[in-house]
Structure formats: C-alpha cells, structure tokens
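The sequence and structure come first, and the description follows.

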Amino acid sequence: MVLEIVYGALNAVFGPFIAMDPNPQNPILTVFLISAIVAFVITLANKLLVDQERLEELKVEMQEFQQEMMEARKKNDMAALEEIQKKQMEFMDKQREMMTMSFKPMIVTFIPIILVFYWMGQEPHIVNTLVILPQIAYYVLLVPLWHMFYGMPPNAPSYAIGWLGWYILCSFAMSQIFRKFMGLKGGM
C-alpha cells in the first residue's frame, strides 16, 4: 500500500520525463536526467551537511600521521613508534569524526534514493533501457565485469549496458561535475 503510493508519486514526478524523452521506449535521456538529479541532491547534501574545511584538516592530519608512522617503521625507530602509539587513540577519535561527517549526508539521502531506485526498477520503460557503448568504452569501463553481477537480457546487443549501468556511468560523471561546481574536495 505504502509502496504503491510512493510509486504513484514518483510516477507523477518522473513520468513526464519519460513522456518527453525522444525515445520513450528506450529512455536513455530520462535515466540520465534522474541520475543527474540524484547526483545533485547527494552533492548538495554533502555541501550543506559536511564542514568541508574541518574534513580537509582531518584528512591532512591523518596523512601526516600515516607518513610519520611509515617513516618510523621504515627506520625501525622504537621510541618514535611508542610515541605514535600514544597518539593513535587521539587519531582514532579524529577518524571517528571524519566518519560521522561522511555519514550525515548518507543518512539524509538514503531513503529517498532507495525509493527512486524502487520506482526505476518497477517502471517498464526504464527496466528495458539498453545503451550500446562504443567497443573501446565497453572494455575501458570494464563493463564485462559488471555483467558478472547483473545479467543482460539474452537478446541484448553486443557492447550494451542496461539502465543500471547507464545510471552508474551518468551518476558518477555528474557527481564529479557537481562536486567541482560546488567546490567540494576529495572523493565521493
């Protein structure tokens, strides 16, 4: 009952995207737009919920600590290793702080994104989406490995990916663009 209501609401929001798609039977553009919207929401949540300066400070401190530890191990300096072990508890707290910062946006965006994926997985037009990649892109992006985890229909053309593969490619690309545009540093 609840999922039907959610499906109906998401169908009202994203259904017009499919209707406006140049090829509604294979809505590549619709999947791209949905992935861009989701990537934007996730990036915006990261921008608003994570103190970027503090996160960058913590990353630098952690890198310096790891470098110090590697040098002490390389030199086999027992006094320095003992000193590092004393600092390790302090750095575990900093690591916990970094993890907490990273989880904030995930907690806020997780349920809405799962609901969007539910809708996409139920929408017949989207489920049947196939994107044929150039042969070089097919291998460079390691698509044959993806196909080990999720199967393609038996009648799918060579070098094709389904809606999920297309979503992942678009989402990754758009996330990087939005991160640059919003001034976020670091990885995903």
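Helices (H or I, at least four residues) and strands (E, at least two) are DSSP runs, numbered from the N terminus.

The model is predicted: local features need pLDDT of at least 70 and side-chain atom pairs count only at pLDDT 80 or more, while totals for chains, interfaces and linings use all residues. Residues are numbered from 1 along each chain as its sequence is written, and side-chain values use heavy atoms, with hydrogens and water left out.

Among the buried residues of α8 are Trp163, Trp166, Tyr167, Leu169, Met174, Phe178 and Arg179. Buried means under 20% relative accessible area, exposed over 50%, and partly exposed in between (1.4 Å probe, protein chains only). The cover over these residues includes α2, α4, α5, β1, α7 and β2; contact means heavy atoms within 4.5 Å. Glycine 183 follows α8 and has a positive phi, near 75°.

The nonpolar cores are listed below. Such a core is a set of buried Ala, Val, Leu, Ile, Met, Phe, Trp, Tyr and Cys residues joined through side-chain atoms within 4.5 Å.

| Core | Size | Residues include |
|---|---|---|
| Largest | 23 residues | Ile34, Trp119, Met120, Ile126 |
| Second, separate | 12 residues | Leu55, Met69, Leu81, Ile84 |

In the largest core, the four residues named have the most contacts inside it. Elements giving two or more residues to this core are α1, α2, α4, α7 and α8, and α8 gives the most, with 5 residues. Not counting residues up to four places away in sequence, tryptophan 119 touches Tyr7, Leu10, Asn11, Phe14, Gly15, Ile18, Ile34 and Ile126.

The structure also holds 1 cavity of 30 Å³ or more. A cavity is a set of points, on a 1 Å grid over the protein atoms alone, where a 1.4 Å probe fits but cannot get out; lining residues have an atom within 4 Å of a point. The largest cavity is lined by Gln52, Leu55, Glu56, Lys59 and Lys185.

Glutamine 52 belongs to helix α3 (residues 52–75) and is buried, because its relative accessible area is 17%. Leaving aside neighbours within four places in sequence, glutamine 52 is in contact with Asn46, Lys47, Leu184 and Lys185.

Definitions and conventions:
On a 1 Å grid over the protein atoms alone, a cavity is a set of points where a 1.4 Å probe fits but cannot get out, and a pocket is an open set with protein on both sides within 12 Å along at least five of seven lines; lining residues have an atom within 4 Å of a point. Grid points are joined across faces, edges and corners, and a volume is the space filled by probe spheres set on the points.
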